[in-house]
Amino acid sequence: MGAIVDVITIEAVVALALGSAFGLLIGAVPGLTAMMGMALLLPLTFGMSSTAAIALLVGCYIGGIAGGLVSSTLLGMPGNSSSIATTFDAYPMAKKGEPVKALGIGVTASLFGGLLGFAALISLSPVVASVALLLGPFEYFSITLLALMLVAVLAGNNMAKGLAAGFLGLLAGSIGFAPIDSSERFTFGWSHLWGGIAILPLIIGLFAISEMMRVTMSEGRETPKVPVRYSGFGLGIGIADVVRSGWNIVRSSLIGIAIGVLPGMGGTAANLLAYARAKQAARNPDEFGKGAADGIWAPESSNSASSGGSMVPMMTLGIPGDGVTAVLLGGLIIHGIQPGPLLFSENPEVVNAIFFYFLIAVVVVFAMQLFGMRVFPLVLRVPKRYLFPILVAFMAVGAYAASYQIADAWLMVALGVIGFGLVAGGFPLSPLLLGYILGPIVETYFRRALMSSDGDYTPFITRPASAVFIGATVLVLVVTFWSRARASRTPTPHDRSPTSGVVP
Amino acid sequence: MDTSRGDQPTPDTTPSPPTEAAAAPAAPAGTRSRDRVSGLVMGALGAAAIVHLAGLEASGLTGDPGPRMIPGIAAVGLVLTGLALLLRPEPVTVASPGAAPPGDDNRRLTAQLLLIIVGYVALLTVAGYFIATPLFILAGFWLLSRPGEKILVPAAVTAAVVTAGVGLIFAVGLDIVLPEGMF
């Protein structure tokens with residue numbers, strides 16, 4: 001109990017509330033993601049204690065995932081990729097005149113999913129961390145390589161593009177002085193790059209500037225219209241509704257946790273898979289897609305639960321499970337916190353703070369959604385002429401403030417253009433960020449491992465744990481390549497449609 | 001500055017809701033040629049990285065593969081994935097239902113947005129925060145307003161409030177010295 005009291009400060013509680021509210025708002029606007037929200041908040045954490053920074057970022061993370069519900073329900077547009085499946089039934093239910101019920105189910109499902117995800121986080125993390133302490137550089141290299149490959153091949157639809165983004169991230173992460181021997185790489189004589197590309201301009205540029213450009217390209221000056229208006233109070237559901245869907249909530253949350261723990265999967269896969277499973281198990285699957293309550297319970301509990309799951313590898317191994325946790329990891333690194341197994345023994349107060357504020361964020365986000373259900377939709381009406389210039393001013397000053405160098409603001413813009421180009425070309429950005437963050441880690445473990453074995457490579461496959469991870473990496477690559485090659489040979493209904501126009 | 005935007009027609013961009021089938025993003029039109037260009041760029045980047053790394057010296061520590069190994073593997077991987085995109089570009093399938101390709105207006109708008117962002121950072125460098133920010137907010141407000149909208153007063157108010165607000169957050173709240181410019 002004393003450990004918990006140590007991490008509670010007024011500053012951190014206020015930061016958590018602000019982060020949660022900001023995450024909800026950002027998550028509610030289609031096109032603006034939790035990743036972008038956290039990127040925007042990173043500069044604000046400079047003047048904060050590490051506990052308050054953790055609270056702010058965790059609040060934004062939980063709020064950002066939950067916020068996607070609003071536009072999914074009222075606009076039929078997923079606020080973020082974690083709420084794609086939510087639109088399938090929440091929007092039809094809202095159109096049928098029950099928007100409060102649709103939002104109420106989503107909000108309650110997020111609470112249950114978040115709590116179950118939290119339970120998984122606190123029960124799995126210490127176990128994984130204690131096992132991780134037994135691993136050496138060979139195993140760490142292998143497991144980091146596996147995580148990187150999983151994210152690279154599973155992000156997006158095209159394996160080559162995911163891998164290319166991952167390799168690009170590895171190269172970006174190797175700019176500056178190399179680990180171990182401090183050789184200068186890719187600096188081209190520019191002293192600003194000696195320390196590598198700073199993480200803040202990279203995150204803001206890739207995920208915020210490029211996203212703003214992408215939204216402008218697809219929507220122009222227009223702001224989506226919010227067609228549904230509603231009044232009344234309460235959640236629109238009762239305890240009986242929760243009990244009736246109890247097993248669906250638990251099953252979907254377990255799917256979310258399991259998928260969240262695996263690097264590369266995250267909330268997007270979790271909510272789609274939970275929806276598919278709920279439909280498969282439903283007594284009346286024909287009602288799905290027409291406003292079925294179980295079609296909202298499943299994806300919303302699953303995507304919230306996946307947040308807890310994806311925090312497990314990030315906390316215990318220092319390996320983020322997806323792009324959002326990669327940004328969260330970046331935020332922790334900025335504050336001198338290096339997640340990994342040693343964090344649990346050397347900085348238990350940081351672990352306590354993350355656990356505690358994760359739980360509080362789940363509850364606070366629920367309370368904010370409950371009372372703000374009628375207010376948050378208003379953010380969907382904020383015109384771009386207000387939103388974008390304010391965000392850019394904030395980001396440019398934030399990027400500069402990290403190092404007091406205007407070069408970082410330039411770097412932010414350049415990386416924004418690169419990110420926009422990559423997204424336009426169909427390249428996923430998460431592998432790039434993960435490659436950038438994990439690159440120096442992979443290299444350090446790789447070189448340390450070989451130095452400890454006098455240059456002998458065989459321990460990578462003779463040490464059991466390392467062999468398992470290397471084997472899993474090869475298996476992932478081969479299976480993904482094989483399944484995608486097979487899928488590309490099988491014509492889909494789209495390919496056969498007269499409008500598809502498959503170009504030779 | 002004009003108080004209103006020109007009289008260009010505004011396209012109706014009200015989005016249509018996604019369906020389950022539309023959840024999996026489909027390749028946009030023109031993907032094949034775009035993939036080939038992407039493949040060329042990635043391959044060229046990888047090749048340039050290999051050339052750069054070849055000039056580095058080994059570390060000399062026993063067993064250490066040196067600073068070339070990991071970035072070298074990434075560079076070779078980039079060349080190979082670039083080749084894969086060049087030789088086997090993604091087949092073009094139908095675009096996501098409801099997702100119309102961006103029109104010329106939106107392309108121009110995006111380019112203009114990027115231009116004023118670049119201008120803002122340039123002005124931050126030269127003139128500092130308190131001159132650059134209000135000018136940028138005014139420009140952004142004007143650019144992103146719909147045709148025919150009266151914008152002078154709201155733009156001026158927004159510029160003043162945002163400049164003061166963001167400045168206060170960073171300078172007072174976070175004790176950060178704002179960009180002061182060259183003069």
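**Close-up views of a predicted two-chain model**

**View 1. Helix 19 of chain A and its span.** Helix 19 of chain A contains 23 residues and reaches 32 Å from its first C-alpha to its last, close to the 33 Å expected at 1.5 Å a residue. A bend of about 45 degrees occurs in helix 19 of chain A at A:L438, and a proline, A:P440, follows within four residues. Of the 23 residues of this helix, 18 are buried, so helix 19 of chain A is largely enclosed by the rest of the structure.

View 2. A:D454 lies in the loop between helix 19 and helix 20 (459-462) of chain A. Its phi is positive, at about 55 degrees, although A:D454 is not a glycine. Most residues other than glycine have a negative phi. Is A:D454 buried or exposed? A:D454 is exposed, with 9 other C-beta atoms within 10 Å.

View 3. A:S182 is not a glycine, yet it has a positive phi of about 55 degrees. Because A:S182 has 11 C-beta neighbours inside 10 Å, and a residue with 12 or fewer is classed as exposed, A:S182 counts as exposed.

**View 4. The contact between chain A and chain B.** The contact takes 77 residues from chain A and 75 residues from chain B. Several helices of chain A each supply at least two residues of the side that touches chain B, among them helix 5 (86-95), helix 8 (159-173), helix 18 (406-424) and helix 19 (430-452). Which helix of chain A gives the most to this side? Helix 17 of chain A does, with 13 residues. By class, the side of chain A that touches chain B has 45 nonpolar, 20 polar and 12 charged residues.

**View 5. The largest nonpolar core.** This core has 216 residues. Those with the most contacts inside it are A:M38, A:A39, A:Y357, A:F358, A:M395 and A:A396. Helix 16 (residues 348-372) of chain A provides the largest share of the core, 16 residues. Domain 1 (28-95) and domain 2 (102-183) of chain B both give residues to the core, so it lies between them.

**View 6. The surroundings of A:A396.** Leaving aside residues up to four places away in sequence, A:A396 touches A:A409 and A:M412 in chain A, together with B:Y120, B:V121 and B:L124 in chain B. A:A396 is also one of the residues with the most contacts inside the largest nonpolar core.

**View 7. Chain B and its two domains.** Chain B is divided into domain 1 (28-95) and domain 2 (102-183), and the C-alpha centres of these domains lie 37 Å apart. The secondary structure of chain B comes to 5 helices and 0 strands. Of the 183 residues of chain B, 34% count as buried. Among contacts in chain B between residues at least 6 apart in sequence, 74% join residues at least 24 apart.

View 8. Chain A has 22 helices and 2 strands. Of its 504 residues, 62% count as buried. For contacts in chain A between residues at least 6 apart in sequence, 79% join residues at least 24 apart.

Notes
Residues numbered from 1 in each chain as written. Chains lettered and ligands numbered in written order. Predicted model: local features only at pLDDT ≥ 70, side-chain atom pairs only at ≥ 80, totals over all residues. Contact = placed C-beta atoms within 7 Å. Nonpolar A, V, L, I, M, F, W, Y, C, P; charged D, E, K, R; others polar. Core = buried A, V, L, I, M, F, W, Y, C linked by C-beta atoms within 7 Å. Buried ≥ 20, exposed ≤ 12 C-beta atoms within 10 Å, placed from the backbone. Domains from an automatic or database assignment. Expected span 1.5 Å × (residues − 1). Bend = angle between axes of the 7 residues up to and from the residue.
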